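Dear colleague,

Please find the structure below.

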Amino acid sequence: MQTVKLFECATHEWIVFGRDPDKGEKIVDTNQYLIKTAREAVLLDPGGIELFSSMLASVVHYLPVEQITHLFASHQDPDIISSLGLWDKTLPHATLHAPWIWEGFLRHYGCNNITYKPIADEGGTFKMDGIELDFIPAHYMHSSGNFSVYDPVSKILFSGDVGGGLNGADDPLFVEDFDKHIKQIKTFHQRWMPSERAKQAWLNRVRKLDIDLLCPQHGAIYQGKDIERFLDWLEDLEVGTALRLS
Amino acid sequence: MRQNTELKTTFFITAVAVSARLGFVLKEAKNISLEAMNAKALVARAGENVRTFKPITDYMVELANDTIRLVDDINREALGISKASLIALRGNEAVNHFNGAKQKAGNAIYRDSFEPALRSAEKDLHSYQQNLLRNVRRLNELLEEIESRMLAANVVTSTSRLEAATVSKLYRANFEAIVAKFEQAAKNIRAIVRECRKVLNSK
Ligand SMILES: [Fe+2]
Ligand SMILES: [Fe+2]
């Protein structure tokens, strides 16, 4: 699994894990993010059950596993968090932060030991070992209960499925050629994102943030001018296209 | 062929297969019960000269009721096996995932940090497997119990046949028919139960 340290400062680090070479061909590729302080850590969208062993094997290069005190699930999809039952055995004392609407659903994956901390619809601030992360509402982008995560210190926005695409296992971890990249993610956004109103609400929120890296849960990470270009592109894109069928 | 596939599948399916077969046992037990009712009516009609048949019909009723009760217990146990087997299966998968991580972790600096999780998953798996074995043992015992009752029924059939031969010609054919049906039902139950045990004991 590829791992890249995205950010490092006195208080914390961001590390991305992706492009697992051991995953099945038909399983969608995902990016997992670890934010690590001196004493604690949070895993953002820990990934599917098929990825668990690779993820566990990768994180122990950076920290003893018990240092992961928090998990965050942007929404309920299996590629996000179907590994929950196994993390539940690995980190029985951890806390899972996830949208309140999914609690009864996510527990189907097995959550007997981990504490489920529901995130209210309006989001909020999460504090861990001296750092603060903002849970930014991203409802209906695509999931009906969904959050992005913003770190004002690193200026990293974890955007969940927004900005992602059904990329191949050897696609680059960072957007290299924006025009080429955007073609690969068009269908994903048109088909998976259901609502123009939701899209606009998310864009309004996100445009107020100072972003250095926009990190999706699939595909490549946006940096520099590509962030603004992506937001503009999304603004102009018609989403919810399956509605044309009805 | 169908049975072969069932034999090779995992335990939770085996338990379902046993449960499905129990439906037939139940049907046969109800047949016995019905025959016993017929016999009772006949005994009442025939009066004094078939009095020796009375305890036999009582026995038939008892046997049918016991079997129905046992089928109930077996169904409960089979459901328990289904659950225990799925839990064990999931436990086994967890151990596999942890072992996979151990292998992939290579020389990672904190590779030992998930050792306790692996150990506890292994411990859980062991206890799940013990539970499953206990369940299977209990189910086997219940099936054995039905089978031994059906063997006892054989003895009763022989006695009944002798008794039937002594009753007046007027009723003889009727009694003989009842005994034959009882015998057949007991035989069918034994066959099904034997099959259940075979399915259960071949993993
Ligand atoms: Fe999703
Ligand atoms: Fe996703």
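Donors are N, O and S atoms within 2.8 Å of the metal (3.2 Å for Na, K and Ca), and since water is not among the atoms, sites may look incomplete. This is a predicted model, in which local features need pLDDT of at least 70 and side-chain atom pairs count only at pLDDT 80 or more, while totals for chains, interfaces and linings use all residues. Residues are numbered from 1 along each chain as its sequence is written, chains are lettered from A and ligands numbered from 1 in the order in which they are written, and side-chain values use heavy atoms, without hydrogens and water.

Asp161(A) bridges the iron ion (ligand 2) and the iron ion (ligand 1), which lie 3.5 Å apart. The iron ion (ligand 2) is coordinated at 2.1 to 2.2 Å by Asp79(A) (OD), Asp161(A) (OD), Gln217(A) (OE1) and His218(A) (NE2). In sequence, the spacing of these donor residues is D-x81-D-x55-Q-H.

Why is the arrangement around the iron ion (ligand 2) irregular? Its four donor atoms subtend angles of 79 to 170°. Four donors count as tetrahedral if all angles lie between 85 and 135 degrees; four count as square planar and six as octahedral if opposite donors are over 155 degrees apart and all others between 65 and 115; anything else is irregular.

Yours sincerely
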